[in-house]
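Have the structure open and follow along.

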Amino acid sequence: MIGGAELRARLGALARSRRAGLPLDVPTPARVEARSPHAVGVEAYLPGGEWRDERGAVFVHERLRSQIERPRADWHRLGVPPEQEEGLRALCELELARVLFLDLETGGFAGSPVFLAGTMRWNGTDFVLRQYFARHYGEEAALLRALAEESRGFDALVSFNGKSYDVPFLRDRARVHAVRLTVPELHLDLLHPARRRWRGCWMDCRLQTLELHVCRRRRTGDVPSDEVPGLYHDFVRRGDPYRLIPVFHHNLLDVITMHEILKALCGPAGRDLPARRPRLEDYDPPSIALTLR
Amino acid sequence: VVVIDEMHAYRGIFGSHVANVLRRLERIAGHYGAGFSYALCSATIRNPGELAHGLTGREARVVDHDGSPRGPKHFVFWNPPFIDDSRMERRSSNGEGSRLIAELVAHGAQVIAFTKSRVAAELVYRYARENLERLECRDADRIRPYRGGYLPEERRGIERALFSGELKAVISTNALELGIDVGSLDAAILIGAPPTLASAWQQAGRAGRQGDPSVAVLVAYNETVDQYLMRHPEYFFGRSPEAAVIDAENPYILAQQLACAAYELPLSEDDARRFGAQTRAVLEALEGSGETRTFDGRAYWASAEFPAAKVNLRTISDDTYSIVNVREGHAVMGTVDAISGLELVYPEAIYLHDGATYFVRELDLEQKVAYVEPREVGYYTQPVVEMQIRVRETLDETRWRGESVQLGEVTYAWQTVAMKKVKFGTRESIGYHPLTLPRLTLDTVGLWLAPSPATWAEVGRRGANPWEALAGVRNLWTTLLSMMTMCDPSDLQGVLDSSNLGRPTLFLFDCYPGGLGFSEQGYARVDELVAAALDHLRACPCDAGCPSCVGLPVLRPAQQQDPDLSHARAVPSKEAARALLEIWCPRPGAVAR
């Protein structure tokens, strides 16, 4: 049964006042006006603007990676991937500026909306991080159109588990909204080469495990992935951005970490492998945090 | 084309849900630019066009011309004779039925028999086989029982063998009534009257091939409805079969379905046309309680949960127990749904399968497995089930004609508390065993009314038995409330109980967890319910009461009970029910419209 006591009470009133077979003869209550989700928006905390077309708008937050962490001179140098990793090799033959990194945050199970699409691209001197955010369910279509527009300019896509999750999810949602969405033909899903390289080294091959061991970085103030959908629905319901901000952070770090993993995979094997199973206290990884303005 | 077979099965709560599922399907198909038409097939019901319209929301054209060649059909009503001059007990109906099957098979006829419960199917099979062996019939091993709970491959095998003619008789539950082509047979034996006329005609219709004469026999149990039919065959032949009714706009059902629809695609103004006049009001309720959120006139599902996982289209449980034979390498030999399981495979029960007896060594409630082993015994077992109703909370109360009528949350509970061992053939009881098994509960919404002591005394003063009066009113209300709320009579249940209020109380409740508003409507419309009951009683042409008025309109479907052990109880007195109703509604002929 869907809903709690409040819904039951409302339906009970309907049931009691109803004459079966006849149209309901009670005055229709005034339509509940949705509180504007823009009232206490995310704009105040995350600088950005609107992407807009004739059918709608979506919020876009953009920043440079150098605003988040100290830039490194070798960011754009990927190295030489191992012989047998064809996907990696194909990617490394491209210019880095032709590659789009992508990570989605969604409202739950298949069939629920995509509300945040985080992308990252190389502009020749720095990485540009861009997050498309649907401030409410009605903006999902615009999010997809905006993302479609951005992804058109790239030759390759990099994701983590995107072949099983992000891209099919995106295709599904694009079909629902009749948005023409083409993802670059070359899609490198880092999960698979990561498994080949590091299987058995750590407890699993999840992104955050790799982040800890390969990138040697620990997150602060992160949200667990399984709490993300609920936080979004709460935000839409109540319009309170405080609890949603960490989700942007989470998504941003996921995208950045993908790049780190890609670099590690292209580097020589072995250096990153532990002599024994490392313990956390073996090193004190620097933490990375999103600063609010 | 979307084909909906056995359309008549989609009635009541189940049908109301399915009607909305079809609207959802059409809506999604429409979103992607696809359209379809419907073809619906039904058993004989009173209102096929109306039901098709209700289910699909479209105009339907009824094709009811039966062009198949049809021979004469003899319909025999067979009441087992009394055992002795005391005229109390009748010969076993299972025994009579099995003799009929054996004689027909011995004379070369192919027979299908329908029983009212799984245990009855097994028993009749055993007895029929014994009879055939006694007759030294060479087809003695060409008969089989058939019922739900057999493994699919076993069922398919029996269906094929019946169709090909390899089997001469199958003794089935209503599991063979629908959807399965068994060909046409020479004779159909109905052991016990099915719960509806529609299903009686469906079962009888299994006999009759290609213009040849056929026979259908209804063997009566010594039980209320069956005995009434034996006395009044005109009731059986004179009435048109039941109507199948749905209410796709029940607010509770619609709320569940609209939530699922909103998840699939946001709901807009257009959808009010598709889902009916209640749509807007129900959407307000969903919006107001935060289940959906509306932006730019479109309502979206507003939670991370998957709504369809929380909606149960049927009222029955999907959980099953496996029945495992420990002597055959722990192979699963059958299954039973979790609710019936506690009435079928409780520890030390005799589980009947293909006519053979298996002893239940253990019932693992956690893993939902019953461990059985073959054991030759001369008895079968019957559960003793205790039922109870408890008021959890009163939601509302009203004074009405000097009575207090209440609406509230109730828990209906039932529990197998003991088992009875019954000897094959003679039906002698050879002992009881207490059992400790979990209680099953239904938390729902009900209404209740306990006639005041003054009313109770007044019924007596008018020369009627107040208990019978209350029982008659309960039955009338169950039927009439189901008509008022457009549910199936089996979606409601009525019980009499004195333990909650300390005096006899009539309870009527929704057979659906959490309730679906049927009792709520009854509560809001007690006046109409009483007036309609009185009207109905007066209009019924019977003398003293019949299954259509004060009789038992719905029997609790007791899948695991042998109806052969029941005793006919009189239909509650029509006069008593009328006396009570007239105390409440004194103006003659006053009918609320």
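## A helix pair across the two chains

Let's start where the chains meet: α1(A) passes α11(B) in a right-handed crossing. Keep in mind that this is a predicted model.

Who's touching whom? On the α1(A) side you'll find Glu6(A), Leu7(A), Arg10(A), Leu11(A) and Leu14(A), while α11(B) brings Ala281(B), Val282(B), Glu284(B), Ala285(B), Leu286(B) and Gly288(B). Sorted by class, the contact of α1(A) with α11(B) comes out as seven nonpolar residues, one polar and three charged.

## The whole interface

The size of an interface is often given as the accessible area lost when the parts come together. For chain B and chain A, the buried area is about 4,100 Å², and carbon and sulfur atoms give 60% of that. On the chain B side, the residues that lose the most area to chain A are Glu284(B), Arg293(B) and Phe295(B), together 14% of what that side buries. Glu284(B) also belongs to the α1(A)–α11(B) contact described above.

## Salt bridges

How many salt bridges are there between chain B and chain A? The count is zero. Over all chains, though, a search of the whole structure turns up 56 salt bridges.

Side chains of opposite charge can pair when their charged atoms come close. For an example in chain A, take Arg130(A) and Glu62(A), whose side chains meet in a salt bridge at 2.7 Å, N to O. This pair ties together distant parts of the chain: Arg130(A) sits in strand β5 (residues 127-133) and Glu62(A) in strand β2 (residues 56-64), 68 residues apart.

## A helix pair inside chain A

Next up are α5 (residues 191-198) and α8 (residues 245-266) of chain A, which pack at an angle of about 50° with their axes 11 Å apart. That angle makes α5(A) oblique to α8(A). Their crossing is left-handed.

From α5(A), the contact uses Pro193(A), Ala194(A), Arg197(A) and Trp198(A); from α8(A), it uses Ile261(A), Ala264(A), Leu265(A) and Cys266(A). The tally for the contact of α5(A) with α8(A) is seven nonpolar, no polar and one charged.

## A helix pair inside chain B

Chain B has a pair to look at too: α13 (residues 453-461) and α17 (residues 574-584) pack at an angle of about 130°, and their axes are 9 Å apart. With that angle, α13(B) is oblique to α17(B). The crossing of α13(B) past α17(B) is right-handed.

Thr455(B), Glu458(B) and Val459(B) are the α13(B) residues here, and they meet Leu580(B), Ile583(B) and Trp584(B) of α17(B). By class, the contact of α13(B) with α17(B) has four nonpolar residues, one polar and one charged.

Note on methods
Residues are numbered from 1 along each chain as its sequence is written. Chains are lettered from A and ligands numbered from 1 in the order in which they are written. This is a predicted model: local features need pLDDT of at least 70, side-chain atom pairs count only at pLDDT 80 or more; totals for chains, interfaces and linings use all residues. Side-chain values use heavy atoms; hydrogens and water are left out. Axes are lines fitted to C-alpha atoms, for helices over the stretch in contact, and angles run from 0 to 180 degrees between N-to-C directions. Helices (H or I, at least four residues) and strands (E, at least two) are DSSP runs, numbered from the N terminus. Angles under 35 degrees count as roughly parallel, over 145 as roughly antiparallel, 65 to 115 as roughly perpendicular and the rest as oblique. A crossing is left-handed if the near helix is turned anticlockwise from the far one by less than a right angle, and right-handed if clockwise. Contact means heavy atoms within 4.5 Å. Ala, Val, Leu, Ile, Met, Phe, Trp, Tyr, Cys and Pro count as nonpolar, Asp, Glu, Lys and Arg as charged, and the others, Gly among them, as polar. Buried area is the accessible area (1.4 Å probe) that two parts lose on being put together, summed over both. A salt bridge is a side-chain nitrogen of Lys or Arg within 4 Å of a carboxyl oxygen of Asp or Glu.
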